[in-house]
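Q: I've got a new model open and I'd like to learn how to read it feature by feature. Can you walk me through it?

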Amino acid sequence: MGNFGIIPYGKTLLGKIYYLPQKDGTNYWCNPNIITENQDLYLSDSNEYVPVYFVDHSIGCSYANKALNVQSANGKVMLLASDSNIIEEEYNIDDFIEKPAIPSIIITKDFGDIIREYYKYAKKDENGRVEKHIILNMKFSGVKQNGKVEIDLFFRSDDKKVLNFFLEFSYYRRLLGDKLIITPHYKYSKYVNEQTSDDISDKSGIPCVKQSHMCATTNSEFNIKNPRSILLENIRQSCIYQEYGLNNYYNYMMRFGEICLNKEEPDFSEECSNKTVIIHALIYSRIQECMKNMIEREGKIEEDFLIFQKKKLYTVPDMYINGVPYRGSWYSKYIFDTICSGFLDDEICRNKNPNDIINNTYINVRLIFILIFIISCVLILSLIFYKKYIDSEMESNYNAKIEEYTMNSISQYKPFSFNAPKSSKLEMTN
């Protein structure tokens with residue numbers, strides 16, 4: 001199971017393990033300078049295997065820092081030995097500013113000890129290099145399920161990461177169409193000593209509903225001080241999904257994130273939610289009735305609570321794809337690439353890479369503008385030359401007409417001759 005980084009779901013990698021033992025409790029993978037000095041020990045001598053760097057657990061730096069250092073040393077996989085034989089599946093650390101782009105696998109302490117022992121006694125050459133390395137066959141989980149992709153989301157209604165996911169993933173969702181199924185599961189806590197109120201119009205700070213004490217807590221990130229507003233929005237969103245289906249639910253979640261939470265002063269209130277409901281022409285009274293029924297009867301709220309317990313999901317958000325825990329960046333392109341590489345073998349993925357489509361669309365739009373500009377320039381120049389040509393022709397024709405007219409006039413003129421008699425008298429008549 002890949003724990004964080006970019007996980008090649010559904011693929012198998014054959015790797016050669018390289019190990020630089022730490023000394024005096026110092027983990028070399030926390031120090032980029034030591035890595036650079038010893039880099040010749042790690043370069044793989046074969047294209048057949050990917051270099052897998054074995055890293056000891058230490059508190060010298062974070063797991064993410066180790067992975068980034070492995071990545072900078074041309075490592076393709078980080079194999080990190082835990083200091084425990086119990087592995088918690090909570091190492092989704094894609095919120096770091098710089099995110100590791102290689103798969104990172106955390107193994108138990110006992111498994112790590114076996115590898116350490118081998119490299120401790122392995123035969124080495126005159127330069128100190130191990131002559132025979134451990135070859136690791138790594139098959140990353142991925143499930144192709146009848147051409148369908150089922151995403152289970154585990155979160156709270158006030159979770160910024162999930163609301164951003166709905167916004168960013170909308171293009172890929174349209175591309176996948178009916179091949180994609182998304183099911184939301186909302187997180188509830190249980191505090192027996194807290195007050196409860198089953199009235200959905202109650203806007204007090206009572207954090208729980210039902211005698212089973214399903215509760216919510218505040219949110220410091222968005223400064224939501226009333227846990228009841230989060231609790232009721234959980235239930236409201238569940239009802240929108242239940243009553244109106246995935247398409248309307250998805251549209252609501254996108255708009256809810258834009259209007260109510262995606263700004264400097266979040267408005268996490270029933271009034272803001274109602275604006276979103278009205279925009280999508282959903283019937284408010286129908287949602288209210290569903291909320292009442294969901295609170296009064298055993299059902300969705302209890303189911304969500306139990307599934308969180310069964311999967312031991314203590315932190316949110318979390319995502320499962322076809323039943324496999326997703327460990328990687330929540331950036332939409334990575335999720336789509338994961339779906340295509342490990343969970344869906346389809347024409348969409350082979351021939352219609354969305355990133356290419358987006359880039360090509362941008363290129364095509366730019367090309368269209370360039371062509372329009374060129375055509376406009378050609379037309380303008382053509383008009384200018386055509387006007388000059390017409391003017392020249394008109395002037396030429398005009399001159400020809402004048403010349404022709406002049407010649408015709410000259411040819412029609414007959415000279416007048418006056419021959420006076422040789423002898424004549426001028427007679428004057430008074």
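What follows is a walk through a predicted model, from the overall picture to single residues.

Q: Now helix H6. How do I read its span between the end C-alpha atoms?
A: The idea is to compare the span with what a straight helix would give, at 1.5 Å a residue. H6 covers residues 227-261, and a straight helix of those 35 residues would span 51 Å. In this model the end C-alpha atoms of H6 are only 16 Å apart.

Q: Where does H6 bend?
A: Look at Gly-245, where H6 bends by about 135°.

Q: What sits at the start of H6?
A: Check Asn-226 there: one of its side-chain oxygens comes to within 3.0 Å of the backbone nitrogen of Arg-228.

Q: Why is H6 described as largely enclosed by the rest of the structure?
A: Burial is judged residue by residue, with under 20% relative accessible area as the cut-off. In H6, 25 of the 35 residues are buried, so the helix is largely enclosed by the rest of the structure.

Q: How do the axes of H6 and H7 cross?
A: For a helix pair, read the distance between axes along with the angle. H7 spans residues 270-279, and its axis comes within 9 Å of the H6 axis, crossing at roughly 105°. That makes the two helices roughly perpendicular, since 65 to 115 degrees is the range for that label.

Q: Which residues meet between H6 and H7?
A: On the H6 side, they include Glu-233, Arg-236, Tyr-252 and Phe-256. The H7 side includes Glu-270, Cys-272, Thr-276 and Ile-279.

Q: Which residues is Gln-288 in contact with, leaving aside neighbours within four places in sequence?
A: Ile-200 and Glu-270. That Glu-270 is also among the H7 residues that meet H6. Gln-288 itself is found in helix H8, residues 284-296, and is buried at 16% relative accessible area.

Key
Residues numbered from 1 in each chain as written. Predicted model: local features only at pLDDT ≥ 70, side-chain atom pairs only at ≥ 80, totals over all residues. Heavy atoms only, no water. Helix = DSSP H or I, 4+ residues; strand = E, 2+ residues; numbered from the N terminus. Expected span 1.5 Å × (residues − 1). Bend = angle between axes of the 7 residues up to and from the residue. Buried < 20%, exposed > 50% of the residue type's maximum accessible area, 1.4 Å probe, protein only. Polar contact = N/O pair within 3.5 Å; in protein donor to acceptor, adjacent residues only side chain to side chain. Axes fitted to C-alpha atoms, helices over the stretch in contact; angles between N-to-C directions. Parallel < 35°, antiparallel > 145°, perpendicular 65-115°, else oblique. Contact = heavy atoms within 4.5 Å.
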